[in-house]
Amino acid sequence: MAKNNFYAVKNGRNPGIYKTWDECQKNTSGFSGAVFKGFPTLEEAKAYMEFEDSGKWDGALDLPDVYAFTDGSFNATTGVYGFGGFLHYSQVEPDIEIRGNGCDPDEATSRNVAGEVHGAVAAIEKAVELGLSELTIYYDYEGVAKWPTGLWKANKKISQFYVEKYSALKDKIHVKFVHVNAHTGIPGNEAADAMAKEEVGLSK
């Protein structure tokens, strides 16, 4: 296991990046709601500090001007993974569909997660292509938000691909991630789920 050389304090007495555990403790010990994490490299610590996760959404709040819903699916019979969703941008009508599929053997071992990742990447790339400065992604799989920040370690090919892609795009656009519960009737999530299933041949 790699040694932690930097400690990122997101919520503490003095948020910031520290080089020692003692400094981290001074700013978090006894602090209610402290949020912090150790990283081997400064780059990972910075990415964690810059990352914004807006929490969970139940479908009751107003949506921002620019947002995307994405989802992934997997067909165990064919080994095909896919993604579906759409990007909403007030100056473009109708919403831009985001969909696709793949069958890379290594990525397919991650099943629907491969689709989740490719869906998020496709949404960010489309937003960058449109010259947008900010995008909110509504997702239902935790890794969509946790791999880019280092909250989850990228051990597999698909997560490593995602981290590399996100790192290359994050300076071009500010991405917010909002988690939604799957299969709870949220229209955007249901639409993304249906498109992802179509992409892998599982549509009803």
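**A guided tour of the predicted model**

Begin by selecting residues 62–201, which the UniProt annotation "domain: RNase H type-1" (unreviewed entry) covers; such annotations may be inferred rather than shown by experiment. The model is predicted: local features need pLDDT of at least 70, side-chain atom pairs count only at pLDDT 80 or more, and totals for chains, interfaces and linings use all residues. Residues are numbered from 1 along each chain as its sequence is written, and side-chain values use heavy atoms, without hydrogens and water.

Over residues 62–201 the chain is 39% helix and 31% strand (DSSP runs: helices H or I, at least four residues; strands E, at least two).

Next, select Ile124, Leu135, Ile137, Tyr162 and Phe177, which have the most contacts inside the largest nonpolar core, a set of 33 residues. Such a core joins buried Ala, Val, Leu, Ile, Met, Phe, Trp, Tyr and Cys residues through side-chain atoms within 4.5 Å, where buried means under 20% relative accessible area (1.4 Å probe, protein chains only). Helix α4 (112–129) is among the elements that give two or more residues to this core, and α4 gives the most, with nine.

Now display Leu135. Beyond its neighbours within four places in sequence, its contacts (heavy atoms within 4.5 Å) include Val66, Leu87, Ile124 and Val175. A second, separate core of nine residues includes Phe69, Phe86, Tyr138 and Val178.

Finally, move to the open sheet of three strands, ordered β2-β1-β3 with antiparallel pairing (two strands pair if DSSP finds at least two bridges between them). The edge strands are β2 (16–18) and β3 (35–39). Select Val9 to find Gly16 of β2 opposite.

Methods
Buried means under 20% relative accessible area, exposed over 50%, partly exposed in between (1.4 Å probe, protein chains only).
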